[in-house]
Amino acid sequence: MTHAVALIAEDARRDTPRCLAIVPAYNEEATIAEVVFEVLDFDPDFQVLVVDDGSSDATAACAEAAGARVLRLPLNLGIGGAVQAGYMYALDRGYDIAVQVDGDGQHDAAELGRLLEPVLAGQADLAIGTRFSGIREYRAPLARRVGIGLFATLVSLRVRQRMTDTTSGFRAVNRRGIRLFAVDYPHDYPEVESVVTAARGNLRVCEVPVFMRPRAAGRSSITTFRSLYYVVKVLLALFVGLFPRQPLVTDE
Amino acid sequence: MPVQLFAALASVALLGVVIELIRARKLRERYAILWLATAGVILVFAVWRSGLHELSKGLGIAYPPNALFALAMLFVIVLLLHYSTVISKLSDRSTTLTQRLALMEERLRELEGQPKQVPQLRDVNRRP
């Protein structure tokens, strides 16, 4: 069989893209099963991968019982490390599409169709579900909205494209995005920075307005106590990101 | 000058401790080099008085022992910065190891679970 024929055969076998839903979760036993069910309700062909970020509760067991595969991180890495582990899994197993859905239930899996549209159509490599650019307005506390606006402005300047909400963790990427994020994904509070990472990796980024719910249970990972560190850390990352950097080598 | 005597004794003691740590394999040579350089430079200027005077005159420091402290401080700052980079590297590596370990465990679980599962026709035919 020639190479071209093999490729066509490969295409025929996989006319539908293989999709992975990455769900980072840290002590979310109350909501995780519901999140898994919702994704499977949206499309039963999705493989749901819950990344249990060193939870001390029954998150992993609940997720497994609900029908998800579970990556159990032996240590708590924070959301960045957890999400990246999901992208590594997607790369290892050759998934075509990966979506990111938070384990706390604030992302509505019914909106996945809207989110996936530009990626499946080949118009974008990374689609970010935002709560501001339309539909029902999400009411965040004032301080938070100011922060989100500030990051959005700075990132827009950096990536030379208008962004309204870069803090959203509701995302979809294609193979290019999976490949990039599996080797280069920011730590700690990764959402804002990863948009810059994507732009630096020449991904086409777009925003998709979606409806989001307030948190069903648990608390935001960003407490008031840590918010100052969050803001300073992200600003520093954005500032340093202005300088050209040598391409990331996986291991020194 | 007692300050210089103290500095000389302290740096000799530091040299001794660092060398002993290397000998006992509790400190890698790679990380010891900066410590040896610090102790060495302080020892040199503590003993070599005219050198220290020239140095402090050049830096515009009126009281020569202060030049010694400034020098020691500079080396300590360089050491600390170096350790911050080492810690960052270690934490990046432990992150990667944690991720790889979780991926391998999941794969292992999958492989161990497979013989028990009877492949279901429904699953095979799921995708047209």
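How many residues of chain A are in contact with how many residues of chain B? I began with this point, in a model that is predicted.

**Entry 1: the contact between the chains**

I looked up the pairs across the two chains and found 15 residues of chain A in contact with 10 residues of chain B. On the side of chain A that touches chain B, the elements giving two or more residues are strand 3 and helix 4 (79-92) of chain A. Helix 4 of chain A contributes the most to that side, namely 6 residues. I then sorted the side of chain A that touches chain B by class and noted 8 nonpolar, 3 polar and 4 charged residues.

**Entry 2: chain A overall**

I recorded 9 helices and 7 strands in chain A. Chain A has 252 residues, of which 44% count as buried. Among the contacts in chain A with a separation of 6 or more, I found that 74% come from residues 24 or more positions apart.

**Entry 3: the sheet of chain A**

I traced the strand order next. The 7 strands of chain A form an open sheet in the order 3-2-1-4-6-5-7, and the pairing is mixed. Which strands stand at the edges? Strand 3 and strand 7 (205-209) of chain A do; each has a single partner strand, so one side of each is left without a neighbour in the sheet. I noted an average twist of 20° from one strand to the next.

**Entry 4: strand 2 of chain A and its two partners**

I examined strand 2 (residues 47-52) of chain A and found it mostly covered, with 5 of its 6 residues buried. Strand 1 (residues 19-25) of chain A runs parallel to strand 2 of chain A, and 6 bridges join the two. For Val23(A), I identified Val50(A) in strand 2 of chain A as the bridge partner. I followed the chain from strand 1 of chain A through helix 2 (residues 32-42) of chain A to strand 2 of chain A, and this β-α-β crossover is right-handed.

I then turned to strand 3 (residues 69-72) of chain A, which is joined to strand 2 of chain A by 4 bridges, again in a parallel pairing. Two of the bridge partners in strand 3 of chain A are Leu71(A) for Val51(A) and Arg72(A) for Asp52(A). The path from strand 2 of chain A to strand 3 of chain A passes through helix 3 (residues 59-65) of chain A, and this β-α-β crossover is right-handed.

**Entry 5: helix 8 of chain A and positive phi values**

I looked up the burial of helix 8 (residues 190-200) of chain A, and 9 of its 11 residues are buried. Glu191(A) and Glu193(A) are among those buried residues, as are Val192(A), Val195(A) and Val196(A). Just after helix 8 of chain A, Asn202(A) takes a positive phi of about 60°.

I checked for other cases, since most residues other than glycine have a negative phi. Asp188(A), in the loop between helix 7 (175-183) and helix 8 of chain A, has a positive phi of about 55° although it is not a glycine. I found 17 C-beta neighbours inside 10 Å of Asp188(A), which therefore counts as partly exposed. Arg160(A), in the loop between helix 6 (142-159) and strand 6 (171-173) of chain A, has a positive phi near 55°. Is Arg160(A) buried or exposed? With 7 C-beta neighbours inside 10 Å, Arg160(A) counts as exposed.

**Entry 6: helices 2 and 4 of chain B**

I compared the axes of helix 2 (residues 29-47) and helix 4 (residues 64-113) of chain B; they come within 10 Å and cross at roughly 175°. That makes helix 2 of chain B roughly antiparallel to helix 4 of chain B. Residues of helix 2 of chain B in this contact include Leu34(B), Ile42(B) and Phe45(B), and those of helix 4 of chain B include Leu68(B), Leu79(B) and His82(B). By class, the residues of this contact divide into 11 nonpolar, 2 polar and no charged.

Leaving aside residues up to four places away in sequence, Phe75(B) touches Thr38(B) and Val41(B). Phe75(B) has 18 other C-beta atoms within 10 Å and is partly exposed. Lastly, I noted 20 Å between the C-alpha atoms of Phe75(B) and Tyr63(B), which are 12 residues apart along the chain.

How values were computed. Residues are numbered from 1 along each chain as its sequence is written. Chains are lettered from A and ligands numbered from 1 in the order in which they are written. This is a predicted model: local features need pLDDT of at least 70, side-chain atom pairs count only at pLDDT 80 or more; totals for chains, interfaces and linings use all residues. A residue is buried if 20 or more other C-beta atoms lie within 10 Å of its own, exposed if 12 or fewer, and partly exposed in between; C-beta atoms are placed from the backbone. Two strands pair if DSSP finds at least two bridges between them. A crossover is right-handed if, with the strands pointing away from the viewer, the path from the first strand over the helix to the second runs clockwise. Two residues are in contact if their C-beta atoms, placed from the backbone, lie within 7 Å. Ala, Val, Leu, Ile, Met, Phe, Trp, Tyr, Cys and Pro count as nonpolar, Asp, Glu, Lys and Arg as charged, and the others, Gly among them, as polar. Axes are lines fitted to C-alpha atoms, for helices over the stretch in contact, and angles run from 0 to 180 degrees between N-to-C directions. Angles under 35 degrees count as roughly parallel, over 145 as roughly antiparallel, 65 to 115 as roughly perpendicular and the rest as oblique.
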